[in-house]
Amino acid sequence: MKQVTASAPGKIILFGEHFVVKGTRSIASAISRRVYVSITETDSRYIRIISPEAGLDSVIDPETLKPGDPMLAPLASMLEYIRDTLGYRIIPVTIRVKSELPIGAGLGSSAAFSAAFARAFLAFIGEEDSLELVRKISIVGETRAHGKPSGIDTAMAIEGGTIIYKRGENPLKISLSLPEGYSLIVANTGVERSTREVVEFVLGRADKMVKVSSLLYEAADRLIDLALRAFKSGDMELLGELMDVNQGLLYSMGASSGVIERLLWAARKNGALGAKLTGAGWGGSIIVLVEETLSSVIKNVLVDEGALDVFEVSLGEPGVRVEE
Ligand code: PMV
């Protein structure tokens with residue numbers, strides 16, 4: 001039976017979220033946790049979608065493309081685009097999704113799903129080497145899932161690697177990695193939030209106090225240069241401090257929360273070099289820089305403090321790909 005599997009990585013924002021919305025730079029990296037999508041032939045007359053991690057087993061009628069579950073709206077939009085704009089025929093298939101990323105935690109799981117689905121679908125119908133098509137289809141899925149995505153998540157899921165991202169400009173690919181002996185931990189607070197609401201709140205605060213906020217935005221942009229230098233020279237103590245300062249700026253703009261601060265301080269108190277929220281804030285995930293020897297201790301501390309998923313990641317992972 002014909003089957004194709006594709007996968008795409010999640011991402012973290014290392015520096016500059018929120019500030020990026022008003023045109024400063026940010027650094028984002030594809031992480032070593034992926035979403036896998038398998039497409040298999042079927043005798044059924046429906047498209048069936050099975051996603052154990054999302055607790056989903058539902059169908060879409062290939063004629064009407066009406067989703068049987070609201071969670072399938074992005075998939076239905078992508079199928080509609082594939083049929084109505086790209087002109088491909090939609091046939092019944094079974095779609096199995098396996099996510100190594102927590103869902104709704106600011107780690108780009110929905111963009112990774114969209115990219116992996118688009119890649120798998122195109123490979124399934126015999127369209128190879130079509131990253132531009134993957135991008136077009138993924139953007140339709142992400143827009144349906146998130147309203148007005150900045151594009152970081154889709155760029156990361158498709159291209160992989162590490163980028164400096166500035167609104168309205170092509171992402172600049174850079175190469176950076178943690179030196180031996182250091183780890184980056186991701187922890188999911190378990191608190192779901194709407195990116196759009198946090199972004200609106202932060203922008204509202206920025207407008208209320210332009211004379212102060214403009215300085216914070218400038219500081220956030222300057223942090224990018226210092227962070228790149230710290231990576232280059234392998235100065236992880238400085239990098240950790242810069243993460244703390246970035247967190248301070250995010251706190252000032254109202255993107256943090258009690259749960260986030262509690263987890264960050266627990267990590268710092270136990271020897272982390274630096275820690276910050278990643279993504280929109282008010283929940284979602286945090287990232288923590290640690291010396292490898294302290295990694296287990298700090299992961300346990302975060303779990304004890306109530307974090308849901310706590311794991312180490314490597315940076316600059318490959319983008320969307322067909323799995324053998
Ligand atoms: O939580 P996420 O992964 O959707 O990240 C949001 C990042 C922001 O900078 C807050 C918003 C954006 O569109 O860039």
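## Who surrounds the ligand

In this predicted model, the ligand has 14 residues around it, and the closest are Lys 11, His 18, Ser 150, Arg 193 and Ala 280. Sort that shell by class and you get five nonpolar, five polar and four charged residues.

What does the backbone bring to the ligand? At Ala 280, a polar backbone atom is 3.0 Å from an oxygen atom of the ligand. Gly 106 also takes part through its backbone, with an N or O atom lying 3.3 Å from a ligand oxygen.

Thr 195 comes in with its side chain instead: an N or O atom there is 3.3 Å from an oxygen atom of the ligand.

On its own, the ligand has 380 Å² of accessible area, and the protein covers 91% of that. As for where to look, the ligand sits in the largest pocket.

## Where the shell comes from

Which elements give two or more residues to the shell around the ligand? They are strand E1, running over 3-15, and helix H5, over 195-208.

Zoom out to the domains and both are involved: domain 1 (3-173 + 317-322) and domain 2 (177-312) each supply at least three residues to the shell.

How values were computed. Residues are numbered from 1 along each chain as its sequence is written. This is a predicted model: local features need pLDDT of at least 70, side-chain atom pairs count only at pLDDT 80 or more; totals for chains, interfaces and linings use all residues. Side-chain values use heavy atoms; hydrogens and water are left out. A residue is near a molecule or strand if one of its heavy atoms lies within 4 Å of it. A polar contact is a pair of N or O atoms within 3.5 Å; within protein, one must be able to donate a hydrogen and the other to accept it, and residues adjacent in sequence count only if both atoms are side-chain atoms. Accessible areas come from the Shrake-Rupley method with a 1.4 Å probe; for residues, only the protein chains shown count as cover. On a 1 Å grid over the protein atoms alone, a cavity is a set of points where a 1.4 Å probe fits but cannot get out, and a pocket is an open set with protein on both sides within 12 Å along at least five of seven lines; lining residues have an atom within 4 Å of a point. A molecule sits in a cavity or pocket if more than half of its atoms lie within 2 Å of its grid points. Helices (H or I, at least four residues) and strands (E, at least two) are DSSP runs, numbered from the N terminus. Ala, Val, Leu, Ile, Met, Phe, Trp, Tyr, Cys and Pro count as nonpolar, Asp, Glu, Lys and Arg as charged, and the others, Gly among them, as polar. Domain bounds come from an automatic or database domain assignment.
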